[in-house]
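Hi everyone, thanks for coming. Let me put the model up on the screen, and then we'll walk through a few parts of it together.

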Amino acid sequence: MRYAAIDIGSNAVRLLIADIIERENEIIFSKNTLLRVPLRLGDDAFIHRHISEGKFESMVKTMSAFRNLMDVYRVTDYMACATSAMRDADNGPDVVAACKKAGIDIQIIDGGVEAQIIYNVHGQTAMDRNKVYLYIDVGGGSTEISLFANGDLVASRSFNLGTIRILDNQDSPDTWDDMKRWVKDITKSYKNIYGIGSGGNINKLSRLANEKADKPISYAKLKALYVYLNSYSLKDRINILELKQDRADVIIPAAEIFLTIMKVGHLKNITAPRIGLADGIIQTLINKNFKK
């Protein structure tokens, strides 16, 4: 049995195909195939509030290709979710309608639903019920933050603050202040909060900072890495540091968001377990199809 998750983000569109495994009293999934297409819908949506004709066509072609791949892999169920860029685009519903004709039914979800889907996969991170965690997902258009204590979700919010918004100068100082106040408020009653980060940028930052995957990154180490990366021009980050073109620019504002949250929330370190919205979608499908 295979499920598929399509994550239509502001920076990239992803297709995750996962094998569903039944083990006695639990259902787990194993990642089979992951495909990423850097469409950068956010560049259109956040500045012009409209998906351009070129990117509109690219979206439809991408969804058609995903549909064909899902058929080849014999996917039995799927879910496609569009987030911040499609929420902001005035022709988002038109894109959805065109993609439906190509065989993919897309849901444009709000920030709360996005945070809930990401929350569905929190069990994959093997949280210790005796610890407090701040889960931070940084995307191109929004940042979702959730606080867990004693294994339970305490608070969760989505902020219109993301890497593409920042690069396009569409981030608001009020949103930064609102996020900092909220994080400070929900974390003030706890000590020794552990950070968990998700998204392509924290995964890359983790790989750059550590030889061992999933090893925690301290605030000081992340700050030093940010300063190091920022000392290079965009061109040199691509040519000398060998970062992908669509990663070399967004990694800087992503680090700024993580560092800001870690500072106001007094997080000493953060771990990147390589999970995100696509993983949450697969878990959502499992929850739906295996209710018992």
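So, which order do the five strands of the open sheet have? The order is 3-2-1-4-5, and the pairing is mixed. Two strands count as paired if DSSP finds at least two bridges between them.

Before going on, a word on the source: this is a predicted model, where local features need pLDDT of at least 70, side-chain atom pairs count only at pLDDT 80 or more, and totals for chains, interfaces and linings use all residues. Residues are numbered from 1 along each chain as its sequence is written, and side-chain values use heavy atoms, with hydrogens and water left out. Helices (H or I, at least four residues) and strands (E, at least two) are DSSP runs, numbered from the N terminus.

Val13, for instance, has Val37 in strand 3 as its bridge partner. Helix 13 (residues 277-289) packs on this sheet, touching strand 1 (2-8), strand 2, strand 3 and strand 4 (77-82). Contact here means heavy atoms within 4.5 Å.

Now to helix 2, residues 53-72. Its 20 residues reach 29 Å from first C-alpha to last, close to the 28 Å expected at 1.5 Å a residue; that expected span is 1.5 Å times one less than the number of residues. Which way do its side chains face? Among the buried ones are Met59, Met63, Phe66 and Met70. Buried means under 20% relative accessible area, exposed over 50%, and partly exposed in between, with a 1.4 Å probe and protein chains only. The buried residues of helix 2 fall within an arc of 145°, so they line one face; the arc is that of the directions from the helix axis to the C-beta atoms. Glu53, Lys61 and Val72 are exposed on the other side.

Helix 12 (residues 251-264) is mostly covered, with 11 of its 14 residues buried.

Last, the cysteines. The whole structure has zero disulfides, a disulfide being a pair of cysteine sulfur atoms within 2.5 Å. For Cys81, the nearest cysteine sulfur is that of Cys99, 13 Å away. Cys81 is buried, at 0% relative accessibility, and Cys99 is buried at 0% too.

Note on methods
Axes are lines fitted to C-alpha atoms, for helices over the stretch in contact, and angles run from 0 to 180 degrees between N-to-C directions.
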